[in-house]
Amino acid sequence: MKYYFSLNISRYEFLPYYRGEILSIVVVTNTGTTIKFPAMHLRNHLTATGIYGHFCLETKNNKFLSLNKLA
């Protein structure tokens, strides 16, 4: 299953997730579905300013497969 959503998180807002103080992130997809996944998967997308953009989360049987930033 593929879920599409946008994120707008400053580097300061993401700090508790990066440190592991908060383990999961909850997002609302473009279709209005609320999903929760491990915040560690966002670390690869962290820049000096934060995490911004549109993403695609792919799962199979409710298990994480990939998280990609879309152009």
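Which residues do ring pairs link into a cluster? Ring pairs join Phe 5, Phe 37 and Phe 55. The model is predicted, so local features require pLDDT of at least 70 and side-chain atom pairs pLDDT 80 or more, while totals for chains, interfaces and linings use all residues. Residues are numbered from 1 along each chain as its sequence is written, and side-chain values use heavy atoms, without hydrogens and water.

A pair of aromatic rings is described by the distance of the centres and the angle of the planes. Rings of Phe, Tyr and Trp (its six-membered ring) pair if their centres lie within 6.5 Å; planes under 30 degrees apart are stacked, over 60 edge-to-face, and the rest tilted. By this rule there are three aromatic pairs. Phe 5 and Phe 37 form a tilted pair, with 5.9 Å from centre to centre and 40° between the planes. Phe 5 belongs to strand S1 (residues 2-10) and Phe 37 to strand S3 (residues 34-38), so this pair ties together parts 32 residues apart in sequence. Strands (E, at least two residues) are DSSP runs, numbered from the N terminus.

Phe 5 also pairs with Phe 55. The ring centres are 6.0 Å apart and the planes lie at 20°, so this pair is stacked. Phe 55 lies in strand S4 (residues 50-60), so its pairing with Phe 5 of strand S1 ties together parts 50 residues apart in sequence.

Phe 5 and Phe 37 are both buried (under 20% relative accessible area, with a 1.4 Å probe and protein chains only; exposed is over 50%, partly exposed in between). Phe 5 has 0% relative accessibility. Phe 55 is buried, also at 0%.

Methods:
Helix = DSSP H or I, 4+ residues; strand = E, 2+ residues; numbered from the N terminus.
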